[in-house]
Amino acid sequence: MSDLHDNYFTINRETWNRKVQVHAQSDFYDMKAFLDGESSLNTYEIQALGDVKGKSLLHLQCHFGQDTLSFARMGAQCVGVDLSDEGIALAQKTNRDLGLDSEFVCCNVLDTSVHIKKHFDIVFTSYGTIGWLPDLKPWGQMISERLKSGGVFYMVEFHPLVWMFDYTSGKPELKYGYHQDEVIYDEYEGTYADPSSKIMSKEYGWNHGLGEVISSLTDAGLRVDFLREHDESPYDVLPDLIKNTNGLYVTKDRLYPLIFELKVTKP
């Protein structure tokens, strides 16, 4: 990884460290309900992965561990990885408070195999993760390295079409390329979990099309089980979304997908 990319990651880490305490106190993450036993997982990932009891699970870019620990409550043996040391510290504290036995490792997700040598039944990532990575080839290779033979990688993520728009003005403006190699810098006050927060978010990100996502995994020897696109999102994180009758959020015209699911297997 280049020195420039290292600098991008350093700034992103600082931003996410600032976000952790704001997010932990937000209604969006509702830590009280989580500590009282509510799962943070959504229907998509629960249905795709099924019964995880007794399975080993690696959660990539886990933030402060709510999804990791939700899987642990379901009986999985979990390890979570994240770039933010503040996020990992809170995940470790929550793990202790809940009496669970998950592990959490602070590292760049691309360096996961340097820090973790174990192989897993499941590798998982979700909602706003790959856009922080400049190149998905080492990401796909790392996932393959960490999976057992017969193991599955599952991701549910915001659709790349969503990231072609700039939302900072409050109205979506088509601005970025679907296949944009150049880094995208964004600076704004607040955060998706609490737009009224006074923290300053400084973020470097990259757009990755579906072809790049899939190729990074198949080039690493993994087999695609399914790719599904949905015009509904469990999160109200974009301007002017409408909540429908099944509790999901949609755009007014529903002209493009908001999220996708991808599941692959290591032969």
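Modeller: A crossover is right-handed if, with the strands pointing away from the viewer, the path from the first strand over the helix to the second runs clockwise. This is a predicted model, in which local features need pLDDT of at least 70, side-chain atom pairs count only at pLDDT 80 or more, and totals for chains, interfaces and linings use all residues. Residues are numbered from 1 along each chain as its sequence is written, and side-chain values use heavy atoms, with hydrogens and water left out.

Colleague: Which elements make a right-handed β-α-β unit?

Modeller: Strand E4, helix H7 (residues 137-146) and strand E5 make that unit. Helices (H or I, at least four residues) and strands (E, at least two) are DSSP runs, numbered from the N terminus.

Colleague: What makes E4 and E5 a pair?

Modeller: Two strands pair if DSSP finds at least two bridges between them. Six bridges join E4 to E5 (residues 147-158), so the two strands pair, and they run parallel. In E5, tyrosine 154 is the bridge partner of phenylalanine 124.

Colleague: Why is E4 called largely enclosed?

Modeller: Buried means under 20% relative accessible area, exposed over 50%, and partly exposed in between (1.4 Å probe, protein chains only). Six of the seven residues of E4 (residues 120-126) are buried, so the rest of the structure largely encloses this strand.

Colleague: Why is serine 233 called buried?

Modeller: Its relative accessible area is 2%, which is under 20%, so serine 233 is buried. Serine 233 is found in the loop between strand E10 (223-230) and strand E11 (242-243).
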